[in-house]
Amino acid sequence: MTPQLETRRLLLRPIELADAAQVQALFPQWEIVKYLAKAVPWPYPPDGVLAYYRDVAIPAMEHNEAWHWTLRLKESPAQIIGSISLLSGKKNRGFWITPEWQGRGLMTEACDTVTDFWFNVLKMPVLRVPKAIVNAASRRISEKQGMRVIATGEQEYVSGRYSTETWEITAEEWGARKRGEQTEGV
């Protein structure tokens, strides 16, 4: 089961079918989708979110193969501003946030919280995240989290073929990083 999570400024609520219409109105923006995997259809279909939630995301959550959340500001919990997911397999985390909320550190907060969940609740040994090298904002989040590049290659994205890096952090590295942050705060 996917629990609700919180950060200092955000509520991370498990996705549900009732969220589909609001997400459908937000998601199909070039600034959101351009560095997502080519599997995301573009132009995005009018029922794309509903079909994805109903046929892919929610069944994966029911089988404990994926954990998907909407991002909402605590001060405005009815408004969805993005999404973050954890996935079993080779790619373990993905996210997006609407352009007006980018650059405010909100996704870093969300990533820290779901990474804690990945390691401390799900007890996964490693987190791996491939991303387009040109996606500088996403790369900065991985750097802030203490991740390191373990592989490079190329991958098809919605906006074309790009050089790709796979970033990784182990449970031990994450734990040491978090203990270090706690020691600095004392």
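This is a predicted model: local features need pLDDT of at least 70, side-chain atom pairs count only at pLDDT 80 or more; totals for chains, interfaces and linings use all residues.

Reader: How many aromatic pairs does the structure hold?

Author: There are nine aromatic pairs. Rings of Phe, Tyr and Trp (its six-membered ring) pair if their centres lie within 6.5 Å; planes under 30 degrees apart count as stacked, over 60 as edge-to-face and the rest as tilted.

Reader: Why is the pair of W69 and F117 classed as it is?

Author: The ring centres of W69 and F117 are 5.6 Å apart and the planes stand at 90 degrees, so the pair is edge-to-face. W69 belongs to strand β3 (residues 66–73) and F117 to helix α4 (residues 106–121), so the pair ties together parts that are 48 residues apart in sequence. Helices (H or I, at least four residues) and strands (E, at least two) are DSSP runs, numbered from the N terminus.

Reader: Are W69 and F117 buried or exposed?

Author: Both W69 and F117 are buried. Buried means under 20% relative accessible area, exposed over 50% and partly exposed in between (1.4 Å probe, protein chains only).

Reader: And what is the geometry of F119 with W174?

Author: F119 and W174 form a tilted aromatic pair, at 6.4 Å centre to centre and with 35 degrees between the planes. This pair links distant parts of the chain, since F119 is in helix α4 and W174 in helix α6 (residues 171–184), 55 residues apart. Both F119 and W174 are buried.

Reader: Which residues do ring pairs link into a cluster?

Author: F27, Y44 and W96 are linked in this way.

Reader: Turning to packing, how do the axes of α4 and α6 cross?

Author: The axes of α4 and α6 come within 10 Å and cross at roughly 125 degrees. Axes are lines fitted to C-alpha atoms, for helices over the stretch in contact, and angles run from 0 to 180 degrees between N-to-C directions. That makes α4 oblique to α6, where angles under 35 degrees count as roughly parallel, over 145 as roughly antiparallel, 65 to 115 as roughly perpendicular and the rest as oblique.

Reader: Which residues make the contact?

Author: On α4 they are D112, T115, D116 and F119, and on α6 they are A171, W174 and K178; contact means heavy atoms within 4.5 Å.

Reader: On to the backbone: which peptide bond is cis?

Author: The peptide bond from W42 to P43 is cis, with omega near 0 degrees. P43 is in the loop between α2 (30–33) and α3 (48–62).

Reader: What about phi at N64?

Author: N64 is not a glycine, yet has a positive phi of about 55 degrees. N64 is found in the loop between α3 and β3, and counts as partly exposed at 43% relative accessibility.

Reader: And what is phi at K123?

Author: K123, also not a glycine, has a positive phi of about 60 degrees. K123 lies in the loop between α4 and β6 (126–132) and is exposed, with a relative accessible area of 62%.

Key. Residues are numbered from 1 along each chain as its sequence is written. Side-chain values use heavy atoms; hydrogens and water are left out.
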